[in-house]
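Biologist: I'm new to this structure and would like to learn how to read it. Could we go through it together, one feature at a time?

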Amino acid sequence: MRLDTASIASLAEQLEAAELGAQAITKITDAYPDLDWDDAYAIQAGIRQRKESRGQRVIGYKAGLTSRAKMQQMGVSTPVFGLLFDYMKVPAGDSVDTGALIHPKVEAEVAFVLKRALRGPGCHIGSVLAATDFVMPAVEVIDSRYQNFRFDLQSVIADNTSASRFVAGGRRISELAGLDLRTLGIVLEKNGEIVALAAGAAVLGHPAAAVAMLANHLSLRGEELPAGSFIMTGGITEAIPVTAGDAINVRFQELGNLSIRFI
Ligand code: OOG
Ligand code: MG
């Protein structure tokens, strides 16, 4: 950790102001080129403190940059982890107001809900599946607070990994033994046209690997994933830009459809 507490608090404030005002800022590593990962997660924790002090709550976790498609699109090579807050949840079938966002993109993801706590280190796909209550389809709306959606890993971690909105729904599948998440196909449609498609294995070989990585990451900070946790495992394909008027529909093999509209 290199950064002093005052700078961490000030960067958290700037990033949250960019989010709440829907105004892009320059990436923070321009001013702080030596920012390391611990600094970046400390800034993310500063944003959490700000929101929690206003009564907002963390209702889930997210892994990002877990598929090659996403890593290539953003020019990075390591997954990142962020927080989902209550106000980010959009009811299935509802619309998202793009006026409150900067330059939103959508991602198709598999989400996990745990029936037992998961604590690293040493979590792996098997321990995740054993602790899973069910999986369900999710669509994330990401919105980087950085100009032109350009960042490096430290900047995007500090920006709570571009978390903005999400919708979860469709079919919950509890009997994971009968569902192979590696070969689960997803088809992402924008305004009725197919714009991306892939299978679950695009996410780290198996989406449960993203949950294991998250649990191991939290253990370095003395934290665990409690029973009941909701976790999004990262975009299976590249993210798709959306503007007002767009309608997104994602077909998840075995898990049903999820739709979201932008106004
Ligand atoms: C970072 C967040 C990535 C995912 O699912 O890969 C993410 C970004 O690309 O802005 O949420
Ligand atoms: Mg995502």
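Predicted model: local features only at pLDDT ≥ 70, side-chain atom pairs only at ≥ 80, totals over all residues.

Biologist: Which polar side-chain atoms lie 2.9 Å or 3.0 Å from an oxygen atom of ligand 1?

Modeller: To read a polar contact, look for a pair of N or O atoms within 3.5 Å. In this model, a polar side-chain atom of Glu109 is 2.9 Å from a ligand 1 oxygen, and one of Glu140 is 3.0 Å from a ligand 1 oxygen. The backbone takes part too: an N or O atom of Leu65 lies 2.7 Å from an oxygen atom of ligand 1.

Biologist: How much of ligand 1 does the protein bury?

Modeller: Taken alone, ligand 1 exposes 320 Å², and the protein buries 100% of that. Ligand 1 also sits in the largest cavity.

Biologist: Now the metal. Which residues coordinate the magnesium ion (ligand 2)?

Modeller: For this ion, look for N, O and S atoms within 2.8 Å; water is not among the atoms, so a site may look incomplete. Here Glu107, Glu109 and Glu140 coordinate the magnesium ion through OE atoms, at 2.0 Å. Along the chain, these donors follow the spacing E-x1-E-x30-E. Distant parts of the chain are linked this way: Glu109 is in strand E4 and Glu140 in strand E5, 31 residues apart.

Biologist: And the backbone: which peptide bond is cis?

Modeller: Check the omega angle. The bond from Gly120 to Pro121 is cis, with omega near -5°. Pro121 is in the loop between E4 and helix H4 (125–131).

Biologist: Where is Ala22 found?

Modeller: Ala22 is in the loop between helix H1 (5–21) and helix H2 (37–53). Its phi is near 50°, a positive value in a residue other than glycine.

Terms used:
Residues numbered from 1 in each chain as written. Chains lettered and ligands numbered in written order. Heavy atoms only, no water. Polar contact = N/O pair within 3.5 Å; in protein donor to acceptor, adjacent residues only side chain to side chain. Areas by Shrake-Rupley, 256 points an atom, 1.4 Å probe, with all protein chains shown as cover. 1 Å grid on protein atoms, 1.4 Å probe; cavity = no way out; pocket = protein on both sides within 12 Å on 5 of 7 lines; lining within 4 Å. Sits in = over half its atoms within 2 Å of the grid points. Donors = N, O, S within 2.8 Å, 3.2 Å for Na, K, Ca; no water. Helix = DSSP H or I, 4+ residues; strand = E, 2+ residues; numbered from the N terminus.
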